[in-house]
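Q: Walk me through this fold, please. I would like to learn how to read its features as we go.

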Amino acid sequence: MIKVGIAGVGSIGITHLDVYAKRKDARVVAVADPILERREGRTVTAGNIRGQAQGGMDFRTFRKYADAYDLIADPEVELVDICLPTPHHAPLAMAALKAGKHVLVEKPFARTAKEADALARVADQAASFLMCAMCMRFWPGWDWLKQAIERKTFGKVLAAHFRRVASHPGRPFFLDGKACGGALLDLHVHDADFVHYCFGKPNAVFSRGYSKLTGAVDHVMTHYLYDDIPLVTAEGGWAMAPGFGFHMQYTVNFEHATAVYDLNTPEPLRLVRQGKSRPVKLRPGMGYAYEIAYFLQCIRQGRRPQTVTPADAAFSIALVEAEARSIRSGRPERL
Ligand SMILES: NC(=O)c1ccc[n+]([C@@H]2O[C@H](COP(=O)([O-])OP(=O)(O)OC[C@H]3O[C@@H](n4cnc5c(N)ncnc54)[C@H](O)[C@@H]3O)[C@@H](O)[C@H]2O)c1
């Protein structure tokens with residue numbers, strides 16, 4: 001039984017709590033949040049995706065801290081799950097590793113690439129394990145795509161387009177571009193990371209984008225330039241009008257089939273092949289459950305996580321920073 005402390009009981013903290021509550025190999029023993037109602041489980045912040053952040057569990061058995069550093073110091077906590085606003089990710093993860101705890105840290109891995117590299121170096125030397133919660137690597141339908149690309153099930157990829165576009169979530173942290181990094185860092189990092197996961201490091205990125213709400217980039221479109229794949233693009237943004245909702249999609253054109261994913265449809269993944277479009281059966285639920293199950297298994301088995309390494313997580317930050325430079329310069333940015 002792995003004993004877990006959750007730092008930050010907002011939208012993603014509650015989402016992780018939902019997962020731990022259903023597991024037999026982990027137990028939440030402590031939570032930290034400066035807001036009293038949150039650490040007592042009296043409020044639930046909704047997430048982007050239906051089924052996320054259900055809440056409703058009994059908080060009475062949890063030790064409750066206002067300060068996340070006190071949660072790290074709790075001797076019973078073996079795994080610190082960091083669900084705080086982005087600027088806290090790297091400093092808190094560093095402190096938790098130094099205290100000998102395992103660390104699951106929410107994306108984005110860090111606020112800047114410099115911080116991310118420093119954290120990855122510390123994580124590689126630590127006796128305990130760190131994994132960044134890059135949930136798309138575990139998401140039903142996205143894990144399928146990674147496998148289809150790797151195995152060349154439908155031939156080579158000719159074109160891949162990823163799209164994650166929403167209206168703004170509205171909460172104050174996400175309106176402060178300096179703190180959250182705009183949609184470029186907060187939302188689009190999922191797809192930048194997934195492009196890297198599927199196709200490796202691009203030679204260069206060429207991005208266009210604009211700022212509307214946060215002072216940082218709120219809507220981006222990027223071409224990832226590879227020698228062997230003609231067209232790889234990703235669009236990410238939260239600058240759409242209120243009421244637009246949250247859209248998470250991809251279209252990947254293989255030599256012999258086209259895969260189309262749309263979260264907001266009853267059968268999110270369809271495969272179009274030989275004149276027919278058929279749904280692909282997916283494992284149930286969301287990526288959060290699978291990423292947490294995987295990390296707990298790594299801890300139990302004493303195996304360093306491979307599906308997302310600290311270096312992968314750090315590269316995702318370098319990638320979006322290169323995209324920001326490309327937007328500013330108007331030119332492709334080499335990596
Ligand atoms: N993987 C995903 O799909 C996903 C989804 C949502 C959010 N996130 C990431 O998770 C992080 C948090 O986002 P959120 O939507 O849950 O935000 P949120 O505002 O809903 O929750 C953050 C919580 O952290 C608390 N907090 C702030 N400073 C703290 C501190 N020093 N110690 C303890 N608690 C503190 C706040 O009071 C709040 O309850 C962000 O970095 C975001 O990018 C990831």
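This is a predicted model: local features need pLDDT of at least 70, side-chain atom pairs count only at pLDDT 80 or more; totals for chains, interfaces and linings use all residues.

Q: In what sense do β4 and β5 pair, and over how many bridges?
A: Strands pair if DSSP finds at least two bridges between them. Strands (E, at least two residues) and helices (H or I, at least four) are DSSP runs, numbered from the N terminus. Here β4 (residues 79-82) and β5 (residues 102-106) pair in the parallel sense, over 4 bridges.

Q: Which order do the strands of the open parallel sheet follow?
A: The order of its 6 strands is β3-β2-β1-β4-β5-β6. β3 (63-65) and β6 (130-133) each have a single partner strand, so one side of each lacks a neighbour in the sheet. Neighbouring strands are turned by 25 degrees against each other on average, direction ignored.

Q: What is the pairing in the sheet of 9 strands?
A: Mixed, in an open sheet ordered β14-β13-β12-β11-β7-β10-β9-β8-β15. β12 (residues 258-262) and β13 (residues 269-273) run antiparallel, joined by 4 bridges. Thr258 has Val272 in β13 as its bridge partner. Helix α11 (residues 310-329) packs on this sheet, touching β8 (204-210), β9 (219-225) and β15. Its direction makes about 65 degrees with that of β8. Contact means C-beta atoms, placed from the backbone, within 7 Å.

Q: How should I read two packed helices?
A: Use the angle between their axes and the distance between the axes. Axes are lines fitted to C-alpha atoms, for helices over the stretch in contact; angles run from 0 to 180 degrees between N-to-C directions. The axes of α1 and α10 (residues 287-301) come within 10 Å and cross at roughly 65 degrees. Thr15, His16 and Val19 of α1 meet Tyr288, Ala289 and Ile292 of α10.

Q: Which residues come nearest to the ligand?
A: A residue is near if its C-beta atom, placed from the backbone, lies within 6 Å. Of the 27 residues around the ligand, Gly8, Gly10, Ser11, Ile12 and Ala68 come nearest. Helix α1 (residues 11-21) gives the most to this shell, with 3 residues. Domain 1 (2-133 + 289-305) and domain 2 (137-285 + 317-334) each supply at least three. Those bounds come from an automatic or database domain assignment.

How values were computed. Residues are numbered from 1 along each chain as its sequence is written. Two residues are in contact if their C-beta atoms, placed from the backbone, lie within 7 Å.
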